[in-house]
Amino acid sequence: MADKLLVIEHDADTGGGIARYYRKKGWQVEVATSVEKARHYLLEDELNPHVIIADLGLPDGNILDYLEELHQQIDYSEWVFAIAADGDTDMERIDELAYDFLEKPFDQRRLDKVLKRALRASQTTRRLQSYSAADTKRYQLDAYVGNSEAVRTLKDMLRRLAEVPISTMIITGETGTGKGLAARIIHHTGLRKNGPLVELNCAALPRDLIESELFGHEAGAFTGAKSRHRGLLEQADGGTLFLDEIGDMDIDLQTKLLKAIEDRRLRRLGSEREITVDAQIIAATGINLEQAAAEGRFREDLYHRLSVFCVTLPPLRERKDDLVEMLPSIVAEYNAKANKHVEIVPDEVWEKLLSYGWPGNVRELRNVIERCVLLSSGEEFPIRWLQLEENCTPGSAKAMGAGASRDTITIQLDGSMSLDAMDSHIIQTALQLNSYNIAETARVLGTTRETLRYRIQKYDLQTS
Ligand SMILES: Nc1ncnc2c1ncn2[C@@H]1O[C@H](COP(=O)(O)OP(=O)(O)OP(=O)(O)O)[C@@H](O)[C@H]1O
Ligand SMILES: [Mg+2]
(Lines give C-alpha, C1' and ligand atoms only; values in the text may rest on other atoms or scores of the structure.)
(Ligands and ions follow the chains in the order given, each with its own letter.)
Protein backbone atom coordinates (compact mmCIF):
# COMPACT_ATOMS: atom_id res chain seq x y z
CA MET A 1 0.00 0.00 0.00
CA ALA A 2 1.28 3.42 -0.95
CA ASP A 3 2.12 6.00 1.67
CA LYS A 4 -0.64 8.57 1.70
CA LEU A 5 -0.37 12.32 1.77
CA LEU A 6 -3.06 14.96 1.97
CA VAL A 7 -2.08 18.46 0.88
CA ILE A 8 -4.38 21.16 2.21
CA GLU A 9 -3.50 24.29 0.24
CA HIS A 10 -5.72 27.15 -0.89
CA ASP A 11 -3.68 27.78 -4.02
CA ALA A 12 -4.51 24.98 -6.46
CA ASP A 13 -1.27 25.51 -8.45
CA THR A 14 0.98 25.21 -5.44
CA GLY A 15 -0.98 22.19 -4.19
CA GLY A 16 -0.89 20.58 -7.65
CA GLY A 17 2.90 21.07 -7.82
CA ILE A 18 3.47 19.37 -4.51
CA ALA A 19 1.11 16.55 -5.49
CA ARG A 20 2.89 15.88 -8.82
CA TYR A 21 6.26 15.85 -7.11
CA TYR A 22 5.27 13.32 -4.46
CA ARG A 23 3.21 11.12 -6.78
CA LYS A 24 6.39 10.65 -8.82
CA LYS A 25 8.02 9.47 -5.62
CA GLY A 26 5.34 6.83 -5.19
CA TRP A 27 2.99 8.51 -2.72
CA GLN A 28 -0.75 8.56 -3.09
CA VAL A 29 -1.55 12.27 -2.90
CA GLU A 30 -4.82 14.21 -2.69
CA VAL A 31 -5.16 17.99 -2.67
CA ALA A 32 -7.85 19.89 -0.79
CA THR A 33 -8.24 23.60 -1.44
CA SER A 34 -10.67 24.32 1.38
CA VAL A 35 -11.52 23.17 4.88
CA GLU A 36 -14.67 21.60 3.52
CA LYS A 37 -12.77 19.52 0.96
CA ALA A 38 -10.20 18.51 3.53
CA ARG A 39 -12.97 17.31 5.84
CA HIS A 40 -14.50 15.45 2.93
CA TYR A 41 -11.29 13.53 2.18
CA LEU A 42 -10.68 12.76 5.80
CA LEU A 43 -14.15 11.91 7.04
CA GLU A 44 -16.17 10.69 4.08
CA ASP A 45 -13.47 9.24 1.81
CA GLU A 46 -11.57 7.90 4.79
CA LEU A 47 -8.33 8.63 3.03
CA ASN A 48 -6.40 8.06 6.25
CA PRO A 49 -3.25 9.87 5.13
CA HIS A 50 0.00 9.14 6.94
CA VAL A 51 0.95 12.79 6.68
CA ILE A 52 -1.07 15.95 6.18
CA ILE A 53 0.58 19.16 4.99
CA ALA A 54 -1.74 21.99 5.90
CA ASP A 55 -1.83 25.60 4.89
CA LEU A 56 -3.62 27.80 7.39
CA GLY A 57 -5.06 30.56 5.18
CA LEU A 58 -8.01 28.72 3.67
CA PRO A 59 -10.99 30.59 2.19
CA ASP A 60 -13.57 28.93 4.43
CA GLY A 61 -11.86 28.90 7.79
CA ASN A 62 -8.95 27.68 9.82
CA ILE A 63 -8.19 23.97 9.81
CA LEU A 64 -6.74 24.29 13.31
CA ASP A 65 -10.27 24.72 14.63
CA TYR A 66 -11.24 21.26 13.39
CA LEU A 67 -8.15 19.41 14.43
CA GLU A 68 -9.43 17.97 17.66
CA GLU A 69 -12.60 16.69 16.02
CA LEU A 70 -10.61 15.20 13.15
CA HIS A 71 -8.12 13.68 15.51
CA GLN A 72 -10.90 11.64 17.13
CA GLN A 73 -12.24 10.35 13.86
CA ILE A 74 -9.32 9.62 11.58
CA ASP A 75 -6.63 7.02 11.72
CA TYR A 76 -3.29 8.23 12.99
CA SER A 77 -1.82 11.08 10.87
CA GLU A 78 1.05 13.47 11.46
CA TRP A 79 0.31 17.10 10.72
CA VAL A 80 2.86 19.46 9.20
CA PHE A 81 1.79 23.11 8.97
CA ALA A 82 2.91 25.62 6.40
CA ILE A 83 2.83 29.02 8.06
CA ALA A 84 3.47 32.55 6.90
CA ALA A 85 6.70 33.88 8.35
CA ASP A 86 5.18 37.20 9.37
CA GLY A 87 1.64 36.03 10.12
CA ASP A 88 0.08 36.06 13.56
CA THR A 89 -0.23 32.32 13.75
CA ASP A 90 -1.26 30.68 16.99
CA MET A 91 2.09 28.96 17.49
CA GLU A 92 1.10 27.53 20.82
CA ARG A 93 -1.70 25.50 19.26
CA ILE A 94 0.56 24.40 16.44
CA ASP A 95 3.26 23.33 18.85
CA GLU A 96 0.76 21.24 20.69
CA LEU A 97 -0.88 19.58 17.72
CA ALA A 98 1.64 19.42 14.93
CA TYR A 99 4.47 17.09 14.12
CA ASP A 100 6.37 20.07 12.71
CA PHE A 101 5.89 23.28 10.76
CA LEU A 102 7.54 25.00 7.82
CA GLU A 103 7.80 28.73 7.31
CA LYS A 104 6.77 29.89 3.88
CA PRO A 105 8.41 29.98 1.43
CA PHE A 106 10.12 26.65 2.00
CA ASP A 107 12.23 24.70 -0.44
CA GLN A 108 11.68 21.20 -1.66
CA ARG A 109 14.61 19.73 0.24
CA ARG A 110 13.33 20.97 3.54
CA LEU A 111 9.86 19.60 2.82
CA ASP A 112 11.36 16.26 1.76
CA LYS A 113 13.19 15.95 5.04
CA VAL A 114 10.25 16.85 7.24
CA LEU A 115 7.93 14.57 5.28
CA LYS A 116 10.28 11.63 5.53
CA ARG A 117 10.49 11.95 9.30
CA ALA A 118 6.75 12.56 9.70
CA LEU A 119 6.03 9.46 7.63
CA ARG A 120 8.29 7.38 9.81
CA ALA A 121 6.62 8.72 12.96
CA SER A 122 3.16 8.01 11.58
CA GLN A 123 4.05 4.48 10.48
CA THR A 124 5.58 3.75 13.85
CA THR A 125 2.53 4.92 15.74
CA ARG A 126 0.19 2.96 13.49
CA ARG A 127 2.22 -0.19 13.93
CA LEU A 128 2.28 0.29 17.68
CA GLN A 129 -1.47 0.79 17.73
CA SER A 130 -2.08 -2.43 15.88
CA TYR A 131 0.29 -4.34 18.13
CA SER A 132 -1.56 -2.88 21.03
CA ALA A 133 -4.88 -4.29 19.84
CA ALA A 134 -3.30 -7.75 19.66
CA ASP A 135 -1.69 -7.25 23.05
CA THR A 136 -5.02 -6.46 24.66
CA LYS A 137 -6.17 -9.95 23.79
CA ARG A 138 -2.91 -11.47 24.91
CA TYR A 139 -2.46 -9.74 28.25
CA GLN A 140 -5.57 -10.64 30.20
CA LEU A 141 -5.43 -11.96 33.75
CA ASP A 142 -5.17 -15.57 32.51
CA ALA A 143 -1.80 -14.78 30.96
CA TYR A 144 -0.39 -14.90 34.47
CA VAL A 145 -0.32 -18.66 34.94
CA GLY A 146 -0.80 -20.18 38.38
CA ASN A 147 -3.44 -21.17 40.85
CA SER A 148 -1.56 -21.37 44.14
CA GLU A 149 -2.77 -19.44 47.16
CA ALA A 150 -0.14 -16.74 46.50
CA VAL A 151 -1.20 -16.34 42.89
CA ARG A 152 -4.90 -16.30 43.70
CA THR A 153 -4.32 -13.46 46.15
CA LEU A 154 -2.24 -11.64 43.55
CA LYS A 155 -4.83 -12.03 40.82
CA ASP A 156 -7.50 -10.79 43.16
CA MET A 157 -5.43 -7.66 43.70
CA LEU A 158 -4.89 -7.23 39.95
CA ARG A 159 -8.62 -7.58 39.37
CA ARG A 160 -9.31 -4.79 41.85
CA LEU A 161 -6.62 -2.57 40.36
CA ALA A 162 -8.24 -2.93 36.96
CA GLU A 163 -11.33 -1.14 38.23
CA VAL A 164 -9.83 1.92 39.85
CA PRO A 165 -7.99 4.94 38.46
CA ILE A 166 -4.34 4.50 39.37
CA SER A 167 -1.98 7.40 39.03
CA THR A 168 1.13 5.61 40.24
CA MET A 169 1.96 2.14 41.40
CA ILE A 170 4.89 -0.17 41.91
CA ILE A 171 5.54 -3.83 41.17
CA THR A 172 8.30 -5.58 43.08
CA GLY A 173 9.65 -9.09 42.90
CA GLU A 174 12.79 -11.08 42.23
CA THR A 175 14.19 -11.41 38.75
CA GLY A 176 11.99 -13.46 36.42
CA THR A 177 8.88 -13.37 38.60
CA GLY A 178 6.86 -11.64 35.89
CA LYS A 179 7.03 -7.92 36.69
CA GLY A 180 7.01 -7.02 33.02
CA LEU A 181 4.12 -9.39 32.43
CA ALA A 182 2.13 -8.00 35.38
CA ALA A 183 2.66 -4.42 34.15
CA ARG A 184 1.21 -5.34 30.75
CA ILE A 185 -1.74 -7.10 32.33
CA ILE A 186 -2.47 -4.08 34.53
CA HIS A 187 -2.41 -1.78 31.53
CA HIS A 188 -4.45 -3.99 29.23
CA THR A 189 -7.14 -4.82 31.78
CA GLY A 190 -7.31 -1.42 33.44
CA LEU A 191 -9.10 1.83 32.77
CA ARG A 192 -6.30 3.02 30.48
CA LYS A 193 -6.42 0.05 28.15
CA ASN A 194 -7.45 2.12 25.16
CA GLY A 195 -4.53 4.46 25.58
CA PRO A 196 -0.91 3.74 24.68
CA LEU A 197 1.46 1.63 26.77
CA VAL A 198 4.93 3.13 26.63
CA GLU A 199 7.92 1.49 28.22
CA LEU A 200 11.30 2.67 29.42
CA ASN A 201 14.00 0.60 31.06
CA CYS A 202 15.77 2.98 33.42
CA ALA A 203 18.82 0.74 33.67
CA ALA A 204 19.39 0.47 29.95
CA LEU A 205 20.45 4.01 29.05
CA PRO A 206 22.77 6.68 30.45
CA ARG A 207 21.20 9.41 32.54
CA ASP A 208 21.08 12.17 29.89
CA LEU A 209 19.46 9.91 27.36
CA ILE A 210 16.85 8.78 29.88
CA GLU A 211 16.04 12.40 30.56
CA SER A 212 15.55 13.31 26.91
CA GLU A 213 13.65 10.07 26.29
CA LEU A 214 11.31 10.79 29.19
CA PHE A 215 10.76 14.49 28.76
CA GLY A 216 11.47 14.95 25.04
CA HIS A 217 13.34 17.85 23.51
CA GLU A 218 13.11 20.65 21.02
CA ALA A 219 15.33 20.86 17.95
CA GLY A 220 18.71 22.22 19.02
CA ALA A 221 18.15 21.61 22.75
CA PHE A 222 21.59 19.97 22.86
CA THR A 223 24.23 18.87 20.38
CA GLY A 224 22.72 16.13 18.31
CA ALA A 225 19.09 17.13 18.89
CA LYS A 226 18.30 17.59 15.20
CA SER A 227 14.57 17.66 15.41
CA ARG A 228 11.81 17.87 17.95
CA HIS A 229 11.21 14.72 19.92
CA ARG A 230 8.10 13.97 21.94
CA GLY A 231 9.11 12.40 25.22
CA LEU A 232 7.76 9.09 26.46
CA LEU A 233 5.71 10.77 29.19
CA GLU A 234 4.01 12.82 26.50
CA GLN A 235 3.58 9.78 24.27
CA ALA A 236 1.95 7.93 27.16
CA ASP A 237 -0.73 10.62 27.49
CA GLY A 238 -4.07 8.94 28.11
CA GLY A 239 -2.34 5.62 28.75
CA THR A 240 0.44 4.09 30.79
CA LEU A 241 4.12 4.75 31.20
CA PHE A 242 5.92 1.62 32.40
CA LEU A 243 9.20 2.50 34.10
CA ASP A 244 11.13 -0.72 34.44
CA GLU A 245 14.06 -0.98 36.86
CA ILE A 246 13.14 2.33 38.47
CA GLY A 247 15.65 1.64 41.26
CA ASP A 248 18.40 2.47 38.79
CA MET A 249 17.09 5.91 37.91
CA ASP A 250 19.45 8.79 38.64
CA ILE A 251 18.43 10.64 41.78
CA ASP A 252 18.17 14.10 40.15
CA LEU A 253 15.96 12.65 37.47
CA GLN A 254 13.79 11.14 40.19
CA THR A 255 13.20 14.67 41.44
CA LYS A 256 12.17 15.81 37.99
CA LEU A 257 9.94 12.80 37.49
CA LEU A 258 8.21 13.31 40.82
CA LYS A 259 7.49 16.93 39.93
CA ALA A 260 6.04 15.92 36.56
CA ILE A 261 3.87 13.29 38.25
CA GLU A 262 2.57 15.70 40.86
CA ASP A 263 1.99 18.69 38.56
CA ARG A 264 0.86 16.55 35.62
CA ARG A 265 2.90 18.91 33.51
CA LEU A 266 6.29 18.86 31.95
CA ARG A 267 8.60 20.84 29.76
CA ARG A 268 10.55 19.36 26.86
CA LEU A 269 14.29 19.99 27.11
CA GLY A 270 15.01 23.33 25.48
CA SER A 271 11.40 24.47 25.60
CA GLU A 272 9.79 27.29 27.56
CA ARG A 273 6.32 25.91 27.34
CA GLU A 274 4.69 23.45 29.72
CA ILE A 275 2.65 20.58 28.35
CA THR A 276 -0.09 18.87 30.28
CA VAL A 277 0.16 15.10 30.46
CA ASP A 278 -2.12 12.55 31.98
CA ALA A 279 -0.43 9.17 32.16
CA GLN A 280 -0.66 6.43 34.73
CA ILE A 281 2.77 5.34 35.93
CA ILE A 282 3.64 1.74 36.67
CA ALA A 283 7.13 1.29 38.04
CA ALA A 284 8.92 -2.01 38.58
CA THR A 285 12.02 -2.96 40.47
CA GLY A 286 13.85 -6.00 41.74
CA ILE A 287 15.58 -4.08 44.51
CA ASN A 288 14.24 -3.15 47.90
CA LEU A 289 13.28 0.49 47.40
CA GLU A 290 12.44 1.09 51.00
CA GLN A 291 15.96 0.15 51.94
CA ALA A 292 17.40 2.13 49.02
CA ALA A 293 15.40 5.14 50.25
CA ALA A 294 16.69 4.67 53.80
CA GLU A 295 20.23 4.62 52.44
CA GLY A 296 19.67 7.76 50.37
CA ARG A 297 19.95 5.99 47.01
CA PHE A 298 16.30 6.51 46.19
CA ARG A 299 14.12 9.53 46.88
CA GLU A 300 11.87 8.82 49.79
CA ASP A 301 9.05 11.06 48.52
CA LEU A 302 9.06 9.35 45.13
CA TYR A 303 9.02 5.99 46.88
CA HIS A 304 5.97 7.00 48.91
CA ARG A 305 4.30 8.42 45.84
CA LEU A 306 4.84 5.21 43.87
CA SER A 307 3.97 2.81 46.64
CA VAL A 308 0.38 3.98 47.08
CA PHE A 309 -0.41 0.76 45.27
CA CYS A 310 2.18 -1.97 45.60
CA VAL A 311 2.09 -5.41 44.09
CA THR A 312 4.69 -7.96 45.16
CA LEU A 313 5.15 -11.00 42.97
CA PRO A 314 5.90 -14.28 44.76
CA PRO A 315 9.07 -16.17 43.85
CA LEU A 316 8.54 -19.52 42.15
CA ARG A 317 10.05 -21.48 45.07
CA GLU A 318 7.16 -20.28 47.23
CA ARG A 319 4.54 -21.45 44.80
CA LYS A 320 5.83 -24.70 43.41
CA ASP A 321 2.26 -26.04 43.19
CA ASP A 322 1.98 -23.84 40.14
CA LEU A 323 4.51 -25.92 38.26
CA VAL A 324 1.71 -28.38 37.61
CA GLU A 325 -0.05 -25.74 35.57
CA MET A 326 3.00 -23.95 34.18
CA LEU A 327 4.99 -26.89 32.88
CA PRO A 328 2.34 -28.17 30.42
CA SER A 329 1.64 -24.68 29.11
CA ILE A 330 5.31 -23.91 28.48
CA VAL A 331 6.04 -27.36 27.03
CA ALA A 332 3.08 -26.95 24.67
CA GLU A 333 4.37 -23.54 23.61
CA TYR A 334 7.81 -24.89 22.66
CA ASN A 335 6.35 -28.06 21.14
CA ALA A 336 4.45 -25.83 18.77
CA LYS A 337 7.38 -23.53 18.09
CA ALA A 338 9.87 -26.27 17.36
CA ASN A 339 7.51 -28.90 16.01
CA LYS A 340 8.31 -31.28 18.87
CA HIS A 341 6.00 -33.79 20.55
CA VAL A 342 6.86 -33.93 24.24
CA GLU A 343 3.83 -35.38 26.03
CA ILE A 344 5.12 -37.47 28.88
CA VAL A 345 6.81 -36.02 31.93
CA PRO A 346 8.43 -38.79 34.02
CA ASP A 347 8.24 -38.73 37.81
CA GLU A 348 12.01 -38.23 38.13
CA VAL A 349 11.65 -35.01 36.15
CA TRP A 350 8.90 -33.81 38.43
CA GLU A 351 10.98 -34.60 41.48
CA LYS A 352 13.89 -32.58 40.17
CA LEU A 353 11.70 -29.65 39.18
CA LEU A 354 9.96 -29.62 42.54
CA SER A 355 13.09 -29.86 44.65
CA TYR A 356 14.97 -27.15 42.79
CA GLY A 357 15.16 -23.59 44.18
CA TRP A 358 14.54 -21.65 40.92
CA PRO A 359 16.62 -18.53 41.66
CA GLY A 360 15.80 -17.21 38.18
CA ASN A 361 12.07 -17.90 38.73
CA VAL A 362 9.73 -18.26 35.76
CA ARG A 363 12.29 -16.96 33.28
CA GLU A 364 14.68 -19.72 34.32
CA LEU A 365 11.89 -22.30 34.21
CA ARG A 366 11.05 -21.23 30.66
CA ASN A 367 14.69 -21.47 29.61
CA VAL A 368 15.13 -24.93 31.09
CA ILE A 369 11.95 -26.20 29.46
CA GLU A 370 12.93 -24.64 26.16
CA ARG A 371 16.26 -26.44 26.23
CA CYS A 372 14.66 -29.78 27.11
CA VAL A 373 11.92 -29.57 24.49
CA LEU A 374 14.31 -28.45 21.76
CA LEU A 375 16.71 -31.28 22.51
CA SER A 376 13.98 -33.89 22.93
CA SER A 377 13.57 -36.73 20.49
CA GLY A 378 10.24 -38.36 21.13
CA GLU A 379 7.38 -38.06 23.53
CA GLU A 380 9.32 -38.13 26.75
CA PHE A 381 10.60 -35.04 28.52
CA PRO A 382 14.39 -35.67 28.50
CA ILE A 383 15.76 -35.64 32.02
CA ARG A 384 19.38 -35.45 30.87
CA TRP A 385 18.96 -31.88 29.64
CA LEU A 386 17.46 -30.57 32.86
CA GLN A 387 20.92 -29.96 34.29
CA LEU A 388 19.56 -28.39 37.43
CA GLU A 389 21.77 -30.02 40.03
CA GLU A 390 25.10 -28.56 38.91
CA ASN A 391 25.26 -25.41 40.95
CA CYS A 392 21.84 -24.62 41.96
CA THR A 393 19.84 -27.26 43.76
CA PRO A 394 18.95 -26.29 47.32
CA GLY A 395 21.96 -26.82 49.50
CA SER A 396 24.30 -25.97 46.65
CA ALA A 397 26.33 -22.82 46.24
CA LYS A 398 23.74 -20.58 44.59
CA ALA A 399 20.93 -21.52 46.93
CA MET A 400 23.28 -20.85 49.79
CA GLY A 401 23.81 -17.24 48.92
CA ALA A 402 26.63 -17.30 46.44
CA GLY A 403 26.67 -15.32 43.22
CA ALA A 404 28.97 -14.20 40.45
CA SER A 405 29.42 -11.46 37.89
CA ARG A 406 32.11 -10.93 35.28
CA ASP A 407 35.07 -10.85 37.66
CA THR A 408 33.65 -11.10 41.17
CA ILE A 409 32.35 -14.02 43.16
CA THR A 410 30.27 -13.35 46.25
CA ILE A 411 29.90 -15.89 48.98
CA GLN A 412 27.86 -15.35 52.09
CA LEU A 413 29.77 -16.18 55.25
CA ASP A 414 26.85 -17.45 57.27
CA GLY A 415 27.93 -21.00 57.84
CA SER A 416 25.76 -22.38 55.04
CA MET A 417 28.74 -23.51 52.95
CA SER A 418 31.68 -25.66 53.94
CA LEU A 419 35.19 -24.58 53.00
CA ASP A 420 35.37 -27.35 50.41
CA ALA A 421 32.01 -26.31 48.93
CA MET A 422 33.34 -22.77 48.61
CA ASP A 423 36.54 -23.98 46.98
CA SER A 424 34.60 -26.09 44.52
CA HIS A 425 32.12 -23.30 43.83
CA ILE A 426 34.86 -20.73 43.20
CA ILE A 427 36.64 -22.97 40.75
CA GLN A 428 33.47 -23.99 38.91
CA THR A 429 32.34 -20.37 38.61
CA ALA A 430 35.74 -19.20 37.43
CA LEU A 431 35.71 -21.92 34.80
CA GLN A 432 32.30 -20.82 33.58
CA LEU A 433 33.27 -17.17 33.53
CA ASN A 434 36.34 -18.01 31.46
CA SER A 435 34.55 -20.29 29.01
CA TYR A 436 36.28 -23.36 30.50
CA ASN A 437 39.69 -22.19 29.34
CA ILE A 438 42.06 -23.90 31.82
CA ALA A 439 45.05 -21.57 31.36
CA GLU A 440 42.91 -18.45 31.74
CA THR A 441 41.04 -19.85 34.74
CA ALA A 442 44.30 -20.79 36.43
CA ARG A 443 45.55 -17.26 35.81
CA VAL A 444 42.51 -15.52 37.37
CA LEU A 445 42.68 -17.87 40.35
CA GLY A 446 46.40 -17.21 40.76
CA THR A 447 47.29 -20.88 40.60
CA THR A 448 48.96 -23.33 38.23
CA ARG A 449 47.26 -25.45 35.62
CA GLU A 450 48.36 -28.58 37.47
CA THR A 451 46.72 -27.51 40.73
CA LEU A 452 43.59 -26.51 38.88
CA ARG A 453 43.36 -29.88 37.07
CA TYR A 454 43.86 -31.68 40.36
CA ARG A 455 40.97 -29.83 41.99
CA ILE A 456 38.71 -30.24 39.01
CA GLN A 457 39.19 -33.97 39.41
CA LYS A 458 38.84 -33.87 43.15
CA TYR A 459 35.50 -32.06 43.05
CA ASP A 460 34.37 -33.73 39.84
CA LEU A 461 33.71 -30.36 38.19
CA GLN A 462 32.33 -29.68 34.74
CA THR A 463 34.98 -28.69 32.23
CA SER A 464 32.85 -27.80 29.24
N1 LIG B 1 2.96 -16.25 36.23
C2 LIG B 1 3.44 -16.31 35.00
N3 LIG B 1 2.76 -16.95 34.03
C4 LIG B 1 3.24 -17.06 32.79
N5 LIG B 1 4.40 -16.54 32.39
C6 LIG B 1 5.15 -15.89 33.30
C7 LIG B 1 4.70 -15.74 34.64
N8 LIG B 1 5.62 -15.04 35.32
C9 LIG B 1 6.60 -14.78 34.44
N10 LIG B 1 6.33 -15.28 33.21
C11 LIG B 1 7.18 -15.23 32.04
O12 LIG B 1 8.52 -15.33 32.48
C13 LIG B 1 9.37 -14.47 31.75
C14 LIG B 1 10.03 -13.50 32.69
O15 LIG B 1 9.06 -12.58 33.18
P16 LIG B 1 9.33 -11.01 33.28
O17 LIG B 1 10.26 -10.58 32.19
O18 LIG B 1 8.02 -10.32 33.36
O19 LIG B 1 10.09 -10.98 34.67
P20 LIG B 1 10.64 -9.73 35.51
O21 LIG B 1 10.10 -9.87 36.88
O22 LIG B 1 10.36 -8.48 34.76
O23 LIG B 1 12.20 -10.05 35.54
P24 LIG B 1 13.45 -9.00 35.62
O25 LIG B 1 13.46 -8.43 37.00
O26 LIG B 1 14.65 -9.90 35.40
O27 LIG B 1 13.26 -8.00 34.56
C28 LIG B 1 8.51 -13.83 30.71
O29 LIG B 1 8.60 -14.58 29.53
C30 LIG B 1 7.12 -13.90 31.31
O31 LIG B 1 6.13 -13.88 30.32
MG1 LIG C 1 11.60 -7.14 33.74
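Select Asp55 first: leaving aside residues up to four places away in sequence, this residue touches Ile8, Glu9, His10, Ile63, Ala82 and Lys104, where contact means heavy atoms within 4.5 Å. The model is predicted, with local features requiring pLDDT of at least 70 and side-chain atom pairs pLDDT 80 or more, while totals for chains, interfaces and linings use all residues. Residues are numbered from 1 along each chain as written, and side-chain values use heavy atoms, without hydrogens and water.

Display the side chains of Asp55 and His10 next; a polar contact of 2.7 Å joins them (a pair of N or O atoms within 3.5 Å, one able to donate a hydrogen and the other to accept it; residues adjacent in sequence count only if both atoms are side-chain atoms). Asp55 lies in strand 3, residues 51–55 (strands are DSSP E runs of at least two residues, helices H or I runs of at least four). Asp55 counts as buried because its relative accessibility is 3%, buried being under 20% with a 1.4 Å probe, protein chains only. An unreviewed UniProt entry annotates Asp55 as "modified residue: 4-aspartylphosphate"; such annotations may be inferred rather than shown by experiment.

Move to Gln280 in strand 13, residues 280–285. Gln280 is buried, because its relative accessibility is 5%. Its side chain makes a polar contact of 3.0 Å with that of Thr240.

Finally, select helix 13 (residues 323–338) and helix 14 (residues 347–355), whose axes come within 12 Å and cross at roughly 115°; axes are lines fitted to C-alpha atoms over the stretch in contact, with angles from 0 to 180 degrees between N-to-C directions. Leu323, Val324 and Leu327 of helix 13 meet Trp350, Leu353 and Leu354 of helix 14.

Terms used:
Chains lettered and ligands numbered in written order. Buried < 20%, exposed > 50% of the residue type's maximum accessible area, 1.4 Å probe, protein only.
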